[in-house]
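Have the viewer open as you read.

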Amino acid sequence: MISFGGVGKLGEDLAVRFLKDKGWDILKRNYRKNYGEIDIIARKGEKLGFFEIKAVSCEIIGNVGKETFLEDRPEERVDSAKLRKIRKIIETYFFEKKLNFEDIEWEFGILSVFVDEAGKRAYVKFLEDFPLE
């Protein structure tokens, strides 16, 4: 059995691989500020992507099949307080990079990663263009 921190790191690594396969170039992982962090910042062409990763281990939630996982709602694990923090972090990133919201196409997404370490497989559920309000 792996620790929760291990599942989180593995989930992020798998999410990075997933995003790269979808054409995203990873710019930054774990962009931290005093009030929170965003897991992954990426670029696809001229578009910026900000991504929150939610990783779950089979060992933590029990023997759950792919069908049950696909019914999971990762967005329910990102509450309105977390969304406000993420919005603030994205605004800070734009400010630090001297970017303007109106000039840059960007999106926020959530990736839920179900890790079945024993079966050596993982499932990724990707919610693109998730609203921050």
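## The sheet

In this predicted model, five strands make up an open sheet, ordered 1-2-3-4-5, and the pairing is mixed. Going from one strand to the next, the twist averages 30°.

Which strands stand at the edges? Those are strand 1 (25-33) and strand 5 (121-127); each has a single partner strand, so one side of each has no neighbour in the sheet.

## Strand 3 and its partners

Strand 3 (47-57) pairs with strand 2 (36-44) in the antiparallel sense, over five bridges. The two form a hairpin with two residues between them, and G45 in the turn has a positive phi of about 65°. Across this pairing, R43 sits opposite L48 of strand 3, while I40 sits opposite F51.

With strand 4 (106-116), strand 3 pairs in the parallel sense, this time over 10 bridges. One of the residues to look at here is E52, whose bridge partner in strand 4 is I110.

How much of strand 3 is buried? The count is 11 of the 11 residues, so the strand is largely enclosed by the rest of the structure. K47, G49, F51, I53, A55 and S57 point one way, L48, F50, E52, K54 and V56 point the other, and all of them are buried.

The largest nonpolar core has 16 residues, and I38, F50, I86 and F108 touch the most other members. Strand 2, strand 3, helix 4 (80-96) and strand 4 each bring at least two residues to this core. Helix 4 is the top contributor, with six.

Apart from this one there is another core, made of 14 residues, including A15, F18, W24 and F51.

Setting aside neighbours within four places in sequence, E52 is in contact with E37, I38, D39, V78, K82, I86, F108, G109, I110 and L111.

I86 shows up in that list, and the view from its side is worth a look too. Leaving out neighbours within four places in sequence, I86 is in contact with I38, E52, V78, F108 and L132. Of these, I38 and F108 are also among the residues that touch the most other members of the largest core.

Notes:
Residues are numbered from 1 along each chain as its sequence is written. This is a predicted model: local features need pLDDT of at least 70, side-chain atom pairs count only at pLDDT 80 or more; totals for chains, interfaces and linings use all residues. Side-chain values use heavy atoms; hydrogens and water are left out. A nonpolar core is a set of buried Ala, Val, Leu, Ile, Met, Phe, Trp, Tyr and Cys residues joined through side-chain atoms within 4.5 Å. Buried means under 20% relative accessible area, exposed over 50%, partly exposed in between (1.4 Å probe, protein chains only). Helices (H or I, at least four residues) and strands (E, at least two) are DSSP runs, numbered from the N terminus. Contact means heavy atoms within 4.5 Å. Two strands pair if DSSP finds at least two bridges between them. Axes are lines fitted to C-alpha atoms, for helices over the stretch in contact, and angles run from 0 to 180 degrees between N-to-C directions.
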